[in-house]
Amino acid sequence: MDKIKVIGKNVLSGKIYISGSKNSVVSLLPAAILSDEVVIEKVPHISDVENLEEILRYLNVKFSLESGVIHIDSKNMENKPITLEYSSKLRASYYFMGALLSRFKRVEISLPGGCHIGARPMDFHLKGFEQLGAKVTVKDNLYIIEADELKGSKIDLPFPSVGATVNILLASIQADGTTIINNAASEPEIGNLIDFLNSMGAKISGKDSNRLEIKGVKDLSGGMVKVIPDRIEAGTYILAGVMNGDNLEICDVIPEHLTSFFEKLEEMGCNFKIEGNKVITNKSSHLKPVNIETAVYPGFATDLQQPITTLLLQCEGESTVKETIYENRFQNTKYLNEMGANIKVMGDTIKVYGPTPLKGKLVRTSDLRAGAALVLAALSAEGETTITDIKHLLRGYSDLIKKLTNVGAKIWLEDE
Ligand code: EPU
């Protein structure tokens with residue numbers, strides 16, 4: 001199952017239901033070990049979840065998944081070193097740093113994996129642990145983080161990092177005293193995690209703001225949460241709809257999570273309508289070029305930067321995209337150019353000259369959202385596109401092939 005084939009230019013019509021958010025569930029699963037028994041609903045069918053399940057089972061945590069509902073029982077879990085074999089399969093393996101530190105006061109874990117879209121250092125996470133009283137030792141890419149006791153602290157993040165906010169939240173909820181995180185990330189996925197932790201008995205306030213206050217508690221038990229809809233998956237299918245849709249309905253969306261994205265679609269003149277929790281999309285023409293700059297939430301999400309670039313190819317004139325979060329998130333442009341696009345990369349900015357018709361080609365997925373950008377391009381290209389290295393895509397898009405086939409796309413998996 002290494003490649004996807006797509007025959008482009010088919011009209012997409014019907015309904016696509018959005019799954020639970022990847023970037024939420026990958027923090028909720030490590031967080032689950034802070035309590036005895038928890039339930040997580042609306043779990044997406046993605047390989048990141050399977051890889052976290054493997055880590056949980058390795059730690060002797062009982063795990064069952066049925067119809068998108070996970071039951072986790074960690075009463076008998078063991079704290080074992082998480083070796084590279086487990087940690088390198090995804091970025092979010094490093095959330096076990098905060099979770100295990102909180103529960104056992106000690107964690108031994110190798111380097112995380114994830115998309116190669118920039119250097120992605122962990123200095124804010126490690127400094128945060130130290131400020132809570134932990135000692136961090138790094139030996140040959142192995143992190144040992146331990147503490148006699150964790151103490152509440154005031155932590156000023158240099159940048160509102162999603163990962164550092166999650167890890168510090170996890171590490172601090174059972175610390176002695178109160179922790180303040182200033183300049184915390186306020187992404188909706190952090191809010192989903194806070195609701196989950198509070199349902200276990202944690203005392204976290206400041207949800208949806210950049211200042212979180214965590215009053216340490218000693219006992220956590222139970223816990224239940226529903227994963228919020230994946231705003232990036234929703235954005236991706238909305239783009240498919242404005243490129244190829246005939247009343248394509250994207251359902252189970254929280255539109256407020258996509259405000260900056262919708263602003264850009266409106267500026268371009270896209271044909272879409274928001275009705276409650278669904279977005280109705282239609283193929284749009286005579287699109288105006290726009291300038292986009294990625295930013296932390298509620299700004300334009302970096303995770304939608306590569307997918308929207310595919311739509312910019314159809315705008316009449318010159319668009320620019322500035323990527324401010326990651327240094328290496330334009331790897332999609334090489335393949336889009338091979339398919340007929342005219343994109344120039346200039347450091348942290350690209351210039352897109354449109355409109356350009358696209359032709360099916362052999363292309364490669366370098367990272368998750370680059371893969372989404374290529375699927376979108378393939379759906380609107382003339383002829384057949386083969387997309388290789390699709391493991392990246394399967395990490396983050398639940399039932400991608402099924403969802404697109406159901407609405408009329410010609411897309412299928414092939415073994416290499
Ligand atoms: N940064 C540091 N030091 C740190 C932490 C971050 O310099 O200790 C820098 C990063 O290098 C980056 C910036 O801060 O330049 C933002 O990083 P952040 O920590 O916010 O990102 P992340 O937690 O690694 C999560 C998502 C990403 C998403 C970003 C931004 C998960 C598992 N990943 O990454 O999702 O792009 O937040 O919203 O939640 C994706 O889904 O395709 C994806 C990459």
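The legends below describe close-up views of a predicted model.

Residues are numbered from 1 along each chain as its sequence is written. Local features require pLDDT of at least 70 and side-chain atom pairs pLDDT 80 or more, while totals for chains, interfaces and linings use all residues, and side-chain values use heavy atoms, without hydrogens and water.

**Figure 1. The shell around the ligand.** The ligand is surrounded by 23 residues (a heavy atom within 4 Å), the closest being Asp 123, Ser 161, Asp 303, Ile 325 and Arg 369. Eleven residues of this shell are nonpolar, five polar and seven charged (Asp, Glu, Lys and Arg count as charged; Gly is among the polar residues). Domain 1 (3-19 + 229-414) and domain 2 (22-226) each contribute at least three residues to the shell, with bounds from an automatic or database domain assignment. At least two shell residues come from each of α1 (22-31), α5 (123-131), α6 (162-172) and α12 (368-380) (DSSP runs; helices H or I of at least four residues, strands E of at least two, numbered from the N terminus).

Figure 2. Polar contacts are pairs of N or O atoms within 3.5 Å. Oxygen atoms of the ligand lie 2.8 Å from a polar side-chain atom of Arg 369, 3.0 Å from one of Arg 329 and 2.8 Å from a polar backbone atom of Phe 124. Of the 840 Å² of accessible area that the ligand has on its own, the protein covers 90% (Shrake-Rupley method, 1.4 Å probe).

**Figure 3. Backbone features in loops.** The Tyr 297 to Pro 298 peptide bond is cis, with omega near 5°; Pro 298 belongs to the loop between β17 (291-293) and α10 (305-312). Asp 140, although not a glycine, has a positive phi of about 45° and is placed in the loop between β7 (135-139) and β8 (142-146).

Terms used. Polar contact = N/O pair within 3.5 Å; in protein donor to acceptor, adjacent residues only side chain to side chain.
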